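Okay, thanks for coming, everyone. Let me put it up.

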Amino acid sequence: GVKRLSEINMVLAIILLVFVIAFGSTSAILTGFFGNLRAYAAELIPLSNPFGRDDDNFRQGWTAFYWAWWISWSPFVGMFIARVSRGRTVRQFLIAVLIVPSLISVLWMTAFGGSAITQTINGFAGVADAALELQLFQMLTQIPLTAITSFVGIILVIVFFITSSDSGSLVIDTVAAGGKINAPVPQRIFWCSFEGLVAIALMLGGGLAALQAMAVSTGLPFTLV
């Protein structure tokens, strides 16, 4: 089920990506992609170091936060990737888990972020003035078939969240079952439901800030591991 949802989502994401490249600022996106690759290679290590930077806002809001974020996710992501990669070679693992996703991420950020920046430079203030949750859809208003692309964007957000939640719940269930791959179905439902309820409680109690604070606080014990 997780695999099928992920495959459907990837197909939709590729279609939306190609559409934005074709009907957006195509030349700016293609040239920006290679420029961003160079910047990524040059700045990856400096920006990954939370020490010695003058920009406290970036260091605290991005570098240190994402250190804690990915440390808290590491048991789930590591175990899930290990499970789905069983039987693969190291070369296949490096290509499919590290290289290809990184290249696609740079292209994705270049296409959507670059299009938004180009629109802003050209005088469209919708993206800059919109709330964070609506900026994608404001960018899509400047591209043909807005209603369809916005609907696809909503579907992508929902299914990406569902597949991430499914993966996390599957790993938690496996750990709670002492490593059993096929744990009882009611137990799987419990962990999936409980995970959702915790997220809802955090969002209602303090919004995104509470959710981020929880991620950082849970990441701290795992730094010792």
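So, start with helix 4, residues 90–121: that's 32 residues, and from its first C-alpha to its last it reaches 44 Å, close to the 46 Å expected at 1.5 Å a residue. Keep in mind that this is a predicted model.

Helix 4 does bend, though, by about 30° at Val100, and there's a proline, Pro101, following within four residues. Then, just after the helix, Gly123 takes a positive phi of about 110°.

What's buried along helix 4? You've got Val106, Thr110, Ala111, Phe112, Ser115, Ala116, Thr118 and Gln119. The cover over those buried residues includes helix 1 (2–23), helix 2 (26–48), helix 5 (126–129) and helix 6 (135–140).

Now the surface. There's a nonpolar patch made of Val90, Phe93, Leu94, Ile95, Leu98, Ile99, Val100, Leu103 and Ile104, and together they have about 730 Å² of accessible area. Take Val90, which sits in helix 4: its relative accessibility is 62%, and exposed means over 50%, so Val90 counts as exposed.

Okay, zooming out to the whole chain. We have eight helices and zero strands. The C-alpha atoms fill a box of roughly 55 × 45 × 45 Å along the principal axes. Of the 225 residues, 22% are buried. If you look at contacts with a separation of 6 or more, 60% of them come from residues 24 or more positions apart. And the accessible surface is about 14,800 Å², with 72% of that belonging to carbon and sulfur atoms.

How values were computed: Residues numbered from 1 in each chain as written. Predicted model: local features only at pLDDT ≥ 70, side-chain atom pairs only at ≥ 80, totals over all residues. Heavy atoms only, no water. Helix = DSSP H or I, 4+ residues; strand = E, 2+ residues; numbered from the N terminus. Expected span 1.5 Å × (residues − 1). Bend = angle between axes of the 7 residues up to and from the residue. Buried < 20%, exposed > 50% of the residue type's maximum accessible area, 1.4 Å probe, protein only. Contact = heavy atoms within 4.5 Å. Patch = residues over 30% accessible without salt bridge, like charges linked within 9 Å, V, L, I, M, F, W, Y side chains within 5 Å. Areas by Shrake-Rupley, 256 points an atom, 1.4 Å probe, with all protein chains shown as cover. Salt bridge = Lys/Arg side-chain N within 4 Å of Asp/Glu carboxyl O.
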